[in-house]
Structure formats: C-alpha cells, structure tokens
Amino acid sequence: MNKLFAYLLGFLGLTVVALVISAIVLSRLSLAEADRKTYVPPIDESVPKAYNGEGQVIIVGAGASGLFAGYTLEYLGVPFTILEASPTFGGRVQRMEDFVDVPIDIGAEWIHTNPQILQDLLLIETDQESVKSNIETIGFQPQSFSLWAHGRRVQRNWMRFFYKEYKFKSTTWSQWLENYIVPYVQDHIVYNAVVQHVDYSETGDVSVTTADGVTYTGSKVIMAVPLKVLQDHDIQFSPALPADKTKALEEVYWAPGFKVFIEFQERFYTDMTMDITLTQFLQTENDYRIFFNGVFGKDQTSRNLMTLFCVGEPAREWSRLSDKELFETVLARLDQLYDGEASKQYIQHRIQNWSNQPFIRGAYAFSADSATIERPVGDKLFFATDTEIMVHSAALSGRRAAVEAVSNPISS
Ligand SMILES: Cc1cc2nc3c(=O)[nH]c(=O)nc-3n(C[C@H](O)[C@H](O)[C@H](O)COP(=O)(O)OP(=O)(O)OC[C@H]3O[C@@H](n4cnc5c(N)ncnc54)[C@H](O)[C@@H]3O)c2cc1C
C-alpha cells in the first residue's frame, strides 16, 4: 500500500514538473500571442479643436514613431516639421532590394501581433482597403528547429508546435511605411538635420537647433529618437529634463544588435537554428543568437537565404568587430553547427550592424520604465518611443504623443 502511494506521489510530482515546464515553454514561445489583435485607440475628433493652431509641432526623428506622429498631425490638420538626422526615413525599419530577388527587411521584420494592425493603424479608409487587398502576410511557423545542447547542434522539431509569428510575404515593413504613411508626411521632413538643442522654456515658442546651426521654432516638440540618443545626451534640453526621467533613461539597457544575411547554394540548415541552449532560451528575454530561413514562406523565390539575428549579450563582442571579422566569425560558427557546410555552400553575404549606426547605436531597449520616459514635460515637450520594441507599438506611441501634444492648450 505504502509502495503504491509512493508511486502515485511520484507520478503526480512528475506530472506537476512536466506541466510547469510546458507552461514556461508556452509562455516564452509566441503561439498564442501571434493572432491576438492589438487595440488601437480611436482618435477623438474634438482633439484638434483644443489646439489653438498657433505654431507648428516639431517632431525629432523620422522612424516609425516620428512618422506616425506626423501622420496623425496631418490627419488632424495641425502643421508640423519632422527633423531627421540621417539622409532617409524609417530609422530601424529599412530594407534591401538588391541582395536576392525579393525585398528583405534589414531591421524590423516580424509583425509581432495580428496583421490586422497594418490596417488598424491607418487613419484613411482607402488606404486600409488597399492594405487589405494588396498586402499578403505569412504565418511564420518554422517546421524544423535546431538548438545548441551539450556542445553540439541538436534538432528539436517539436518546437514548431509552440512558435508562430507573422511576416510580410512579398513586401516589407519599410514598404508599408513608404506606401501608406510617408506620402502624407514627406513634404514636412528635413533630412540631415541632427538636433542638438531643444529649448522649451516656459515662455515663448520652443526652439530646436540642429548641428548646422539652424533653429526651428514651434509650439510643441515631440521627441521620437532612440532612447540611446537621449541616454547619451546627444540632445541638450533647456531646462534640463526632470530628474525622474533622466534616471529612467540612465537605467535603460540598450542592447547591441546586428543582422547578417548569407546566401547559400543549397538549404542545408533548419528553418530556425537557435544558437543558445533551451535553458538559456527559457531564461532570457534579451539575449538571442538565432539563424533562420530568411525567405521562409516567400515561395516566389528559390534563393537560399539564411539570416542571423543577434541581440543582447551574444551580440556585444561580435558587434564590435569589423564587418570582415564579424562575417568570418559567423561563418566559422555556422561551420561548427553544420559540419563545414556553410563554407562549402557560401555565395554572398551582407551585414547590417545596428550598433554602428550613428543615430541609433544598437538594437533596442529592454525593461525601460515607459511610463516615466513617455510622460510629457509641461505642455511643450512630448515623447514617442519604442519602449515595447516593436514597430506597431512605436507607431502607436507616435500617434499617442501627437494627440497629447495637440490636446494640451499652448501656454502663452
Ligand atoms: C535588428 C532589429 C530587429 C528588429 N526586429 C523587429 C521585428 O521583427 N518586429 C518589430 O516589430 N520590431 C523589430 N525591431 C524594433 C523596431 O525596429 C523598433 O522598435 C522601431 O522601428 C523603433 O521606431 P522608432 O521610430 O521609435 O525609432 P527609430 O526607428 O530608431 O527612429 C528614430 C529616428 O531618430 C533619428 N535620430 C536620432 N538622433 C537624432 C537627432 N539628434 N536628430 C534628429 N533625428 C535623430 C534616427 O536617425 C532615426 O531615424 C527590430 C529592431 C532591430 C534593430
């Protein structure tokens, strides 16, 4: 009897352990998340009426958040200028079209929510219809998985039951911005305008000065730059930012990150090769070194593209290497994982090292105190950020900052 009881207890114990492990795996993989719709708050039509219309809004940064701030202001009929440090829009949303025969996202790539968001974020009905009929997305659900375990690569295809996200099929995040947002804001963007000083003193207009000495004036400013730029004090504020915001910015962990794209003759690799152990994967939300089939689901191409997405601590050392050293290191690692096949099958590669981009300097922030960072300062200074590290949330943040800016009456 005692023995039976012990067996039963053991069985129950094992079941509980198995359930706990499954729950952890499920919570870390995104099967359930992929289809969940993101709520897009409606814009209150009375908002622009609260704005007395005197003076433009100045937006600093033309990434997804800055572009969406401008797009929202355009919709509301409020004048604005976007100052962008680089010669192009998009920030961390960029693509390459000359590598293989389909456009490839070199920054943000996945749609980390229900793709309905691509329509819901748009304020103009005809554009929503156009996205619906023209933009095809694919469920990115890799069928073969590898992991690093006990000093070698092991195949773990069961992981396919737990992982799914969405991606664009024949287009990219960058084309989506270019087609549906940029046309409404492009005439307002000033490129190569590196903002160095924002004066938002209580009286008078705000003034924003760039590295080439030009000053732009307006009634409000929306900061839509990477948190790293604020953390490193690239931009001086007069008066200085409040202490709690400065502290929250100091505490931001800005992760290094890069992508490497390699074309091979044959597809010798699994759809996803996680170059970390299962335990590391379950323990981290920040550190990834993941190789994946870069044209998964894009059946309009027969090219073999493998992408490496590396972010956080695994990227720290490698992101400091020259492009040549970085590529040699990556190829050597792939050869180790795939018994020398990578060198044998290699055709060409491309590197996008986000840590080297002068106005971005990394991939993104983890565990930022978004409430404190995004809180407006007085009624003149507003913040649009990507504290949730996704394009659609950066877009929502830009939209929110724009609405906040014009909801606040201007102090005279
Ligand atoms: C490698 C990588 C992979 C990613 N993968 C995904 C993904 O799959 N899916 C997803 O949803 N998200 C992903 N993200 C995150 C996503 O790209 C970002 O969250 C989002 O694009 C941030 O938009 P943003 O406008 O806030 O910032 P940014 O895109 O960084 O734009 C900020 C802009 O400010 C400009 N700027 C900086 N300093 C100044 C200055 N002094 N004066 C004027 N302008 C200035 C910059 O040039 C830049 O254009 C990824 C990011 C990286 C790096």
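## Strand E1 and its partners

Strand E1 (residues 57-60) and strand E14 (residues 220-223) run parallel and are joined by four bridges, in a model that is predicted. Within this pairing, valine 57 lies opposite lysine 220 of E14. E1 also pairs with strand E2 (residues 80-83), again in the parallel sense and over four bridges. Here valine 57 faces phenylalanine 80 of E2.

Side chains in a regular strand alternate between the two faces of the sheet.

## The seven-stranded sheet

An open sheet of seven strands has the order E8-E7-E18-E19-E20-E17-E21, with mixed pairing. Strand E8 (152-155) and strand E21 (346-353) form the edges; each has a single partner strand, so one side of each lacks a neighbour in the sheet. From one strand to the next, the twist averages 20 degrees. Helix H12 (residues 323-337) packs on this sheet and touches E8, E17, E18, strand E20 (304-311) and E21. The direction of H12 makes about 125 degrees with that of E21.

Leucine 147 has valine 154 in E8 as its bridge partner. Two residues lie between the strands of this hairpin, in which histidine 150 adopts a positive phi near 50 degrees. Elsewhere in the sheet, strand E18 (residues 272-274) is antiparallel to strand E19 (residues 288-293), with three bridges between them. Methionine 274 is placed opposite isoleucine 290 of E19.

## Surroundings of the ligand

The ligand is surrounded by 41 residues, of which Gly61, Gly63, Gly91, Ala108 and Asp386 are the closest. Helix H4 (64-76), strand E17 (257-264) and helix H15 (391-407) are the elements that give two or more residues to this shell. The largest share, three residues, comes from H4.

By residue class, the shell divides into 25 nonpolar, ten polar and six charged residues. Domain 2 (36-135 + 172-252 + 368-412) and domain 3 (138-170 + 254-365) each contribute at least three residues to the shell.

Most residues other than glycine have a negative phi, and most peptide bonds are trans. Asparagine 192, a residue other than glycine, has a positive phi near 55 degrees. Asparagine 192 belongs to the loop between strand E10 (189-190) and strand E11 (195-199), and is partly exposed, with 13 other C-beta atoms within 10 Å. Aspartate 339 likewise has a positive phi, near 50 degrees, and is located in the loop between H12 and helix H13 (341-345). Aspartate 339 counts as exposed because it has 11 C-beta neighbours inside 10 Å.

The peptide bond joining serine 238 and proline 239 is cis, with omega about -5 degrees. Proline 239 is situated in the loop between strand E15 (236-238) and helix H9 (243-250).

## Isoleucine 124

Isoleucine 124 occupies the loop between helix H5 (117-120) and helix H6 (125-134). With 13 other C-beta atoms within 10 Å, isoleucine 124 is partly exposed. Isoleucine 124 and lysine 228 are 104 residues apart along the chain, and 33 Å separates their C-alpha atoms.

Technical notes:
Residues numbered from 1 in each chain as written. Predicted model: local features only at pLDDT ≥ 70, side-chain atom pairs only at ≥ 80, totals over all residues. Near = placed C-beta within 6 Å. Nonpolar A, V, L, I, M, F, W, Y, C, P; charged D, E, K, R; others polar. Domains from an automatic or database assignment. Pairing = 2+ DSSP bridges. Axes fitted to C-alpha atoms, helices over the stretch in contact; angles between N-to-C directions. Contact = placed C-beta atoms within 7 Å. Buried ≥ 20, exposed ≤ 12 C-beta atoms within 10 Å, placed from the backbone.
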